[in-house]
Protein chains: 2
Amino acid sequence: MTVSITDVARAAGVSASTVSRALRGRPGVSDEVRAQITAVAEQLGYTASRSASSLASGRTFTIGVVAPYIGRWFFGTVLDAAEQVFSAAGYDVLLYNLGSAEARKRFFTKMPVRKRVDAVLSLLIPDEEESAALRSLGVPLASTVGGARPGFTVVGIDDRAGAESAVRHLVNLGHRRIGMISGASGPLHWTTPVDRRAAYLHVLAEAGIEPDPALEADGDYTVEGGERAMTELLAASRPPTAVFAQSDEMAMGALRALRRHRLRVPEDVSVVGFDDHELADVVGLTTVAQPVAGQGAEAARLLLRQLDEQDAVPRGRVEMPIRLVLRETTAPPRPRGPQ
Amino acid sequence: MTVSITDVARAAGVSASTVSRALRGRPGVSDEVRAQITAVAEQLGYTASRSASSLASGRTFTIGVVAPYIGRWFFGTVLDAAEQVFSAAGYDVLLYNLGSAEARKRFFTKMPVRKRVDAVLSLLIPDEEESAALRSLGVPLASTVGGARPGFTVVGIDDRAGAESAVRHLVNLGHRRIGMISGASGPLHWTTPVDRRAAYLHVLAEAGIEPDPALEADGDYTVEGGERAMTELLAASRPPTAVFAQSDEMAMGALRALRRHRLRVPEDVSVVGFDDHELADVVGLTTVAQPVAGQGAEAARLLLRQLDEQDAVPRGRVEMPIRLVLRETTAPPRPRGPQ
DNA sequence: GGTTGTTGCGCAAGCGTTTGCGTTCAGTTT
DNA sequence: AAACTGAACGCAAACGCTTGCGCAACAACC
């Protein structure tokens, strides 16, 4: 049916081992024979069976990527960039979309990547148990987003610095009642929301502003959540004149809520987001930009390097640059409160 | 090092074949022995090697998904939904991101999925040669988006009907100079842009409006492209009073261009998009909605059914519902032209 | 012309499963 | 009691590669 290595060997008048060595660029084959084998293989349309070759060699030339919510812009963009690096290097990627709690549990109990991948890139933060399970695979591990775990190479950003610049920008504009839409919930055990919240509180303290629990709401990292959270904040007895949303998607939800309340941005309320979503520019959102695709590509590259060097030692932590992007959703507060 | 089937067999005091049958629910094993084997396997943390089992059985329990631009909302969402269906059914997904021409060429010449997948889901439209290559894999094939190809189960929408409803909406509002931002370029050989353009021309003819080539521009299916295209249209001697963009991303780009030109939407120019992007609601974009995640999930389900029925006959074409969603970017034209 | 090196290639033993077939054995049927 | 059942299990041969080792053949040294 399908052409195997012995078919090529027979057609070329050599042994299967020689075909194997020739096609993979291994030494021990003369140039003429190698050229002839290559030609024959090409003509027969031969592709080595990955199952067989990985069974024999132990290498799979496959990278496992586990990610939550790949439909969201952030994760989709990271995945896109990482995949390009992997496939350019000849690796395939096995994708595991762990958005739901069940999917996540199923993955970590069945561990379908065992013996199937040479490395894994995680776009979510595994908890202690989960990262132990990943380490037990005995392959290089990398992670984007969030805090470091032992055994992982992680590339990320300085979440605190980013959030500080966003909130400080609002303070500098003269705002005193600054709300925050966070994204603490969900099954992601990441440090990002925690770090960004700490930064928010730090800047408030720095400016001598008393934090007000009524000015914090959970937006679940979604547009709808951001809308709900903004609606909540507006219902406070003294609503904020400015809001820091921990993601652009939540910031956009907040914009929608403000529009529905007939409040003008930035005249009545200022909004600053985080990520520099591809559509942030369309809505004129002020935000702190991070290199999203860059993080995916960099993590992929570091993983490949570990693979090449046969060296399972993680590369530590790499920090990517961030910067505040000023657009049209922030301005000084009006002399009197927005209401 | 790692525990194999013979380790389990030895520990349970049976042969490897019995372990294999027991763990996969095959007949020929008594209930007691099966229970004991299951317990031993669990305790040893045994997971069967996929390479070995697919080498022996010919089945891989893996689905190949080829997609362009997985970072874009549309494809990311389809992929997300499809992956959930596949992994819930116990299949892994091998992802091939074929955004660039090189990646695409590399994929179709090396055909890395050969002998690696049980089926393939394509989120792009292969040309004649490429679809022949896919058919030669001898596995069930499905595709979302675009026109049917022999051998493929395809789930999609009625692009003509969708585009017609968008353009007819503009006509009904009283517009006569209606522009279109299309997305004909790029390495995707799909019929979508063609169908939507045909619908546009059809509705114009229906309304007795003479089509004007100066009112069509290519937006490349991106935000930036949409912005450029809108800028072009505005430079026409008699610019449009309304624009139909073939995707929401291009429509958003158009909105940005209009804002930069200090034109108001919908007072000066009406805009209607296509897709119902998750952020369309945020910017108040009128658009024709299609079930994006639904298409991914449905295509995945159909593929799995073909797999179960050992039946490589494609399921033909499934059409998903569409509907026009009215928001705030469309209104009747002003009595006089916008300039 | 014998020893030592190289180079180029084939042999065969795996890698960890699956599966057709053969064997055993307890339980029926004549 | 002999013969015939199934059911439950083991044997061993694949599946298609990779790779350590062996063995020619030939070149290069004293």
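Where in chain A does A:Pro266 lie? I found A:Pro266 in the loop between helix H11 (248-260) and strand E9 (270-275) of chain A. Helices here are DSSP runs of H or I with at least four residues, strands are DSSP runs of E with at least two, and both are numbered from the N terminus.

Ground rules, before I go on. This is a predicted model, where local features need pLDDT of at least 70, side-chain atom pairs count only at pLDDT 80 or more, and totals for chains, interfaces and linings use all residues. Residues are numbered from 1 along each chain as its sequence is written, chains are lettered from A and ligands numbered from 1 in the order in which they are written, and side-chain values use heavy atoms, with hydrogens and water left out.

**Cis peptide bonds**

Over in chain B, the bond from B:Val265 to B:Pro266 is cis, with omega near 5 degrees. I located B:Pro266 in the loop between helix H11 (248-260) and strand E9 (270-275) of chain B.

**Positive phi**

B:Phe61 sits in the loop between helix H4 (50-57) and strand E1 (62-67) of chain B. Its relative accessibility is 36%, so B:Phe61 counts as partly exposed; that label falls between buried (under 20% relative accessible area) and exposed (over 50%), using a 1.4 Å probe and protein chains only.

B:Tyr221 isn't a glycine either, and I noted a positive phi of about 60 degrees. I traced B:Tyr221 to the loop between strand E7 (216-218) and helix H10 (223-234) of chain B. B:Tyr221 is buried, at a relative accessible area of 9%.

**A look at B:Val8**

I picked B:Val8 in helix H1 (residues 5-12) of chain B. Buried or exposed, B:Val8? Buried, with a relative accessible area of 0%. Not counting residues up to four places away in sequence, B:Val8 touches several others, including B:Val19, B:Ile37 and B:Tyr46; contact means heavy atoms within 4.5 Å. I also jotted down that B:Val8 and B:Gln43 are 35 residues apart in sequence and 9.6 Å apart in space, C-alpha to C-alpha.

**The two copies**

Chain A superposes on chain B by a rotation of 180 degrees with 0.1 Å of shift along its axis, RMSD 0.2 Å. That is the relation of a two-fold axis. The same surface serves both copies, as 98% of the contact residues of chain A recur in chain B. The superposition is by least squares on the C-alpha atoms of residues with pLDDT of at least 70 in both.
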